[in-house]
Each structure stands twice: as structure tokens, then as C-alpha cells.
Amino acid sequence: MLVALAVSAALPLPARAAAGAAPATPGSLQVLHWWTSAGERRALNVVVNQLARQNIQWRDVPIPGGAGMGAGKVLKSMVLAGRAPEVTQLNGVIFGEWADLGLLLELDNVAVQGNWEKQMFPTVWALLNNRGHVVAAPLGIHRINTLFYNTAIFNRLGLTPPRTWDDFDRVAQALRRAGITPLAQSAEAWQVATLFENLALAESGPAYYRRLFVEMDPAAYADARMISILKRLRRLGQATEQPLRERSWTETARSMADGEAAMFIMGDWAKGEFTAWGLAVDQQFGCAPVPGTGDYHLYSIDTLAMFADDYSHQAAQETLAQIVTSPAVQSDYNKFKGAIPVWRTADPHMDRCARDSWRAFGKGQSYQAPSLVHRMATDETTKDVIIAEVQRFFLDRQMGEEQAQRRLVSIARALSRGRGQ
Ligand code: BGC
């Protein structure tokens with residue numbers, strides 16, 4: 001360890017120097033992530049400040065792009081070029097791949113000391129483990145089946161948040177009559193696919209959802225339920241602004257906050273964003289489960305993984321893992337982030353939306369659905385292929401539901417052949 005320290009201090013990695021970054025010291029950690037919005041920054045600062053109190057500097061590598069569409073690719077090229085950051089936001093199934101290559105620091109000691117296995121939600125604990133070792137530290141649990149609404153508009157028109165898709169149609173009609181776009185939406189693939197995964201869950205619950213996105217079962221795609229999901233998606237396309245623009249999720253959120261549109265389906269990081277803008281839950285905006293998904297929790301769990309490299313940063317990396325999982329940081333961070341803590345014990349500071357999310361997640365695995373878009377269900381490539389196809393259907397009004405279904409079935413067949421099923 002001492003030798004490794006001395007070597008790394010004397011010989012900063014050439015590639016790092018080439019990238020223009022200052023040589024890493026054990027008292028600083030380079031962290032790659034995609035938290036670039038106001039709410040995300042506010043949440044991150046909780047961690048950055050705690051880390052600074054331990055004399056560890058957070059060296060920021062922010063890669064813009066909602067849902068980490070850019071960050072995943074940048075990370076891959078950094079690792080392949082031999083200049084992996086010491087820490088990365090690494091969500092979902094993908095960290096198994098890095099861990100299998102022996103690249104990730106095992107955090108078993110921190111996990112034992114913190115009693116993670118007993119205290120965390122079982123789904124979180126399972127996600128952190130790869131072949132018997134803990135390979136990431138969790139930050140919080142996001143709920144993707146969240147419907148935000150502009151309370152001023154809803155109150156003025158005497159509307160209540162829709163619980164079913166028929167309700168949704170009625171609310172959308174009333175909004176249109178009042179000259180308001182019902183649904184804030186972007187044409188970006190991941191934002192369109194956010195609607196799609198929500199509709200899949202609403203259609204037939206978590207078991208069918210898992211057949212679609214975890215098992216990639218071609219028969220599930222060929223099922224009549226898929227036609228119904230695609231029809232509903234087509235209808236949602238009529239509730240959005242025309243023509244639909246590609247914009248970041250923060251811009252889409254802004255259009256709901258400003259009252260151009262009345263509703264917004266997005267992960268609850270949008271709540272963190274609205275509050276960073278000075279808006280408050282149940283005052284300027286409300287939240288409800290997406291219609292038809294009230295019992296369920298469509299989740300994305302944020303985690304930090306640490307690249308082991310020559311182990312010269314191990315102490316600082318372990319400190320970071322301890323900090324992010326401490327109950328006080330979990331509570332503050334998640335309040336700003338819009339998510340809920342990963343601990344099973346209820347955090348008394350949660351607002352109404354967070355309590356609702358916490359209750360739904362606490363019902364256990366048969367009520368939980370891992371987000372496709374946020375890499376909880378399957379690998380990056382599979383996710384990218386599916387969401388591109390869904391976007392194509394959403395934007396091309398000429399494409400029929402049967403045609404889109406056939407294309408999805410072929411993709412699922414090819415992918416399941418690739419997996420040897
Ligand atoms: C992450 C969130 C992030 C969101 C928007 C999701 O994939 O889990 O932490 O706020 O993307 O970029």
C-alpha cells in the first residue's frame with residue numbers, strides 16, 4: 001500500500017496528465033457523474049461538503065445529458081484508455097460487467113461496519129452485490145412512475161390528478177379546452193421511453209413488465225398487451241405540444257412549472273429540481289403516481305462505484321462510501337435530490353411524495369419494477385436499442401402499432417438469441 005502510494009504520487013498517470021487534469025492525490029477523488037441540474041447540484045453539495053470536512057476534495061467530472069446518455073459512453077472510453085476516474089455514478093446492471101473485470105473496489109468492510117445487509121431495502125442490497133462482494137455505495141431510490149402537475153392550473157379548472165388512463169383522457173380534454181397543453185414532453189429517446197415503461201407497468205403490473213424488460217421475452221412483446229401499450233403511447237403523443245421538440249428534462253420540467261403544460265411524467269429528481277427553483281410540493285406543484293401504477297414502484301437506484309486502480313485511493317473511497325450511506329447525509333441529500341433514502345427505517349423528514357414512494361417501495365419485490373431507461377432492468381445496449389425503436393414509433397405517426405410491435409418482437413428475438421436463450 002505504502003509502495004503503491006509512493007509510486008502513484010511520484011508518477012502521476014501519463015494519460016491523466018494528457019487529459020489536462022491535475023495529478024490525483026489520495027486526498028482527492030475524481031468523480032464522474034451526470035448530475036448537472038440545479039436540484040442535482042444542491043443534493044451533491046451535501047456530499048461534497050461532508051467529504052471536504054474529512055479533507056478529501058471532490059474533483060468534479062460532470063457529463064451533461066439526462067439519464068446519463070452521454071456519461072455511460074464517456075466512462076467506457078475513459079476506462080478503455082486506462083484513465084478510469086476514482087469514482088463514478090454507475091447505475092444498474094452494468095456495474096456487474098466492470099466488477100467481473102476486476103476493476104471495482106470491493107466495499108465489503110464498509111458494508112459490514114454499516115450493517116448494510118440488515119438495514120437497507122433488500123432490492124438495494126441485492127443490486128450492490130456482485131459474486132458475493134459489495135461493489136457500489138447507494139445514494140437513493142428514485143420513483144419513475146411519478147406524475148407531476150401544476151397546482152394553479154388544476155385548481156383553476158377544478159381538476160384532480162388522474163388515477164386511471166380514462167381519467168387522464170378526461171383531464172387532458174378539459175385542459176385542451178382551456179388552451180393548455182396537457183402533457184409536458186420532449187422528443188428525446190429516453191424521455192419518450194419513460195412514458196413507454198410507465199405504460200407497460202400500468203398495463204399489466206410488474207410480472208409482465210419484467211418479462212418485457214428483464215427477460216426480453218419475445219412472447220411478451222408479441223402479446224396483445226403490447227398493442228394496447230403502443231395505442232396508449234400514440235394517444236399520449238396527442239396530449240403533447242406540437243411539433244414536439246428535443247429538449248433536456250429540465251426544459252421540459254420548466255414548461256410545466258411555467259404553466260405552458262399542466263402535467264409531466266418523470267422520475268422524482270424533477271421534484272428536486274422544482275424545489276431548487278423555489279417551488280413547493282402541494283403549493284406550486286403536486287405529485288401523484290402515474291395512472292394505473294399507484295400500487296407499484298418503478299425504480300432507479302443511484303449508486304457510486306469506485307475503480308480500484310492501484311488501491312492508492314482506497315481510504316478516501318471508503319470514506320466516501322461511508323459518508324453517502326450515513327443516515328444524516330441520506331436524509332439531506334435525498335431531500336434535495338427528490339429521492340428516498342435506501343434505509344428501511346422511515347426518514348421523518350420525508351415530504352408527502354417521498355412518503356408515498358417509500359410506502360410503495362417497501363411493499364417488496366412483487367410491487368417493484370426496475371427501470372429500463374435507467375439501466376435497472378438490462379444492459380446499456382439492449383436499453384438503447386429498445387428506446388430508439390420506441391422513439392421512432394412515437395415520432396413517426398405513419399407507423400402503425402402492429403408494425404412497431406413486429407419490430408420490437410424481432411429485436412427481442414435477436415437479443416434473446418444473443419443471450420443464448
Ligand atoms: C439518475 C438520476 C438523475 C436523472 C436525470 C437518472 O438516470 O438516476 O439521479 O437525476 O437520471 O439525469
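Step 1. Learn the terms: strands (E, at least two residues) and helices (H or I, at least four) are DSSP runs numbered from the N terminus, and a residue is buried under 20% relative accessible area, exposed over 50% and partly exposed in between, with a 1.4 Å probe and protein chains only.

Step 2. Four of the five residues of strand 10 are buried, so strand 10 is largely enclosed by the rest of the structure.

Before you go on: this is a predicted model, in which local features need pLDDT of at least 70 and side-chain atom pairs count only at pLDDT 80 or more, while totals for chains, interfaces and linings use all residues. Residues are numbered from 1 along each chain as its sequence is written, and side-chain values use heavy atoms, leaving out hydrogens and water.

**Exercise 1. Find where confidence in the protein chain is lowest and where it is highest.**

Step 1. The protein chain averages 92, and 93% of the residues score at least 70.

Step 2. Helix 1 (residues 2–10) has the lowest confidence, with a mean of 31, and strand 7 has the highest, at 99.

Step 3. Residues 1–23 have a pLDDT below 50, and this stretch makes 24 contacts in the model beyond near neighbours in sequence. A contact here means heavy atoms within 4.5 Å. Where pLDDT is low, the predicted coordinates should not be read in detail.

**Exercise 2. Work out the strand order of the open sheet and how its strands pair.**

Step 1. The order is 8-9-7-10, four strands with mixed pairing. Two strands count as paired if DSSP finds at least two bridges between them.

Step 2. Look at the edges: strand 8 (181–184) and strand 10 (285–289) each pair on one side only. On average, neighbouring strands are turned by 25° against each other, direction ignored.

Step 3. Go through the pairs.
- Strands 8 and 9 run parallel and are joined by three bridges; Ala 184 has Phe 264 in strand 9 as its bridge partner.
- Strand 7 (residues 146–150) and strand 9 (residues 261–265) run antiparallel, with three bridges; Tyr 149 stands opposite Met 263, and Phe 148 is partnered by Phe 264.
- Strands 7 and 10 are also antiparallel, joined by five bridges; here Leu 147 faces Ala 288 in strand 10.

Step 4. Check strand 9 for burial: five of its five residues are buried, so strand 9 is largely enclosed by the rest of the structure.

**Exercise 3. Show which face of helix 4 is lined by buried residues, and what covers them.**

Step 1. In helix 4 (residues 71–80), the buried residues are Ala 71, Leu 75, Met 78 and Val 79.

Step 2. Seen down the helix axis, these residues fall within an arc of 95°, so they line one face of helix 4. The arc is taken from the directions that run from the helix axis to the C-beta atoms.

Step 3. Their cover includes strand 1 (28–33), strand 3 (87–89) and helix 5 (94–100). After helix 4 comes Gly 82, with a positive phi near 75°.

**Exercise 4. Name the residues with the most contacts inside the largest nonpolar core.**

Step 1. A nonpolar core is a set of buried Ala, Val, Leu, Ile, Met, Phe, Trp, Tyr and Cys residues joined through side-chain atoms within 4.5 Å.

Step 2. The largest one has 76 residues, and Phe 196, Tyr 221 and Met 263 have the most contacts inside it. Helix 11 (residues 189–213) gives the most to this core, 14 residues.

Step 3. Leaving out residues up to four places away in sequence, the contacts of Met 263 include Leu 147, Phe 168, Leu 183 and Met 256.

Step 4. Another core lies apart from this one: it has 64 residues, including Leu 128 and Tyr 333.

Conventions:
Axes are lines fitted to C-alpha atoms, for helices over the stretch in contact, and angles run from 0 to 180 degrees between N-to-C directions. pLDDT is the predictor's confidence in each residue, from 0 to 100.
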